[in-house]
Amino acid sequence: MKRIMFICLGNICRSPMAEIIFRDMAEKAGRSDEFVIASSATSNENVWNGIGAEVYPPAKKILAKHGLSVGNKRAVQLTAADYGKYDLFVCMDKNNVRNASRILGGDKDGKICMLMDFTNRPGDVSDPWYTGDFETAYNDIYEGCKGLLEQETRL
Ligand code: 4NP
């Protein structure tokens, strides 16, 4: 069983998209039982009084366009205790890597990585919060998830 935590700044756009896309991909490949999949934020901006924000509507819309529903996903913040609960912390950009490492108290087991490292064009996932381009973000995330799922097969 591989426990995967997808991470972005707010947990309302990129990392929920990755969580939902990867879960669907694993299901379609008949491999759901191999994974525990979650997502979280490095910031506390979208988590008030323990009740997280819903997935940002344009992110819901692009997922729906691809036949995916967000269900009852709400934003949560990454915590230090998550380090022992997950095997892989898959970040959407370099800032997430730095902030996740700070929250998790370092990365002694080398669990933190970036989603686009699983593609042939490493770097940041296009950030739709700033670009407004959810299609490009979806395509980046889809490609990263595909690479991640394939790599997990080889382990
Ligand atoms: P996410 O998008 O990190 O992909 O969920 C963002 C959400 C909120 C903000 C930035 C990015 N913000 O600045 O509030």
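This is a predicted model: local features need pLDDT of at least 70, side-chain atom pairs count only at pLDDT 80 or more; totals for chains, interfaces and linings use all residues.
An oxygen atom of the ligand comes within reach of the backbone at G10, where a polar backbone atom is 2.8 Å away. The ligand sits in the largest pocket, and the protein buries 91% of the 350 Å² that the ligand exposes when taken alone.

- At I12, a polar backbone atom is 3.0 Å from an oxygen atom of the ligand.
- R14 takes part through its side chain, with a polar atom that lies 2.8 Å from a ligand oxygen.
- The backbone of G10 gives a distance of 2.8 Å to an oxygen atom of the ligand.

**The shell around the ligand**
- One stretch of the surroundings is made up of C8, L9, G10, N11, I12, C13 and R14, and E45, W129 and Y130 also surround the ligand.
- Sorted by class, this shell holds six nonpolar residues, two polar ones and two charged ones.

- The largest pocket, where the ligand sits, has a volume of about 220 Å³.
- There are 13 lining residues, and those closest to the centre of the pocket are L9, G10, I12, N46 and W129.
- In the lining, six residues are nonpolar, four are polar and three are charged.
- L9, G10, I12 and W129 are among the residues around the ligand, and they are also among those closest to the pocket centre.

Conventions: Residues are numbered from 1 along each chain as its sequence is written. Side-chain values use heavy atoms; hydrogens and water are left out. A residue is near a molecule or strand if one of its heavy atoms lies within 4 Å of it. A polar contact is a pair of N or O atoms within 3.5 Å; within protein, one must be able to donate a hydrogen and the other to accept it, and residues adjacent in sequence count only if both atoms are side-chain atoms. Accessible areas come from the Shrake-Rupley method with a 1.4 Å probe; for residues, only the protein chains shown count as cover. On a 1 Å grid over the protein atoms alone, a cavity is a set of points where a 1.4 Å probe fits but cannot get out, and a pocket is an open set with protein on both sides within 12 Å along at least five of seven lines; lining residues have an atom within 4 Å of a point. A molecule sits in a cavity or pocket if more than half of its atoms lie within 2 Å of its grid points. Ala, Val, Leu, Ile, Met, Phe, Trp, Tyr, Cys and Pro count as nonpolar, Asp, Glu, Lys and Arg as charged, and the others, Gly among them, as polar. Grid points are joined across faces, edges and corners, and a volume is the space filled by probe spheres set on the points.
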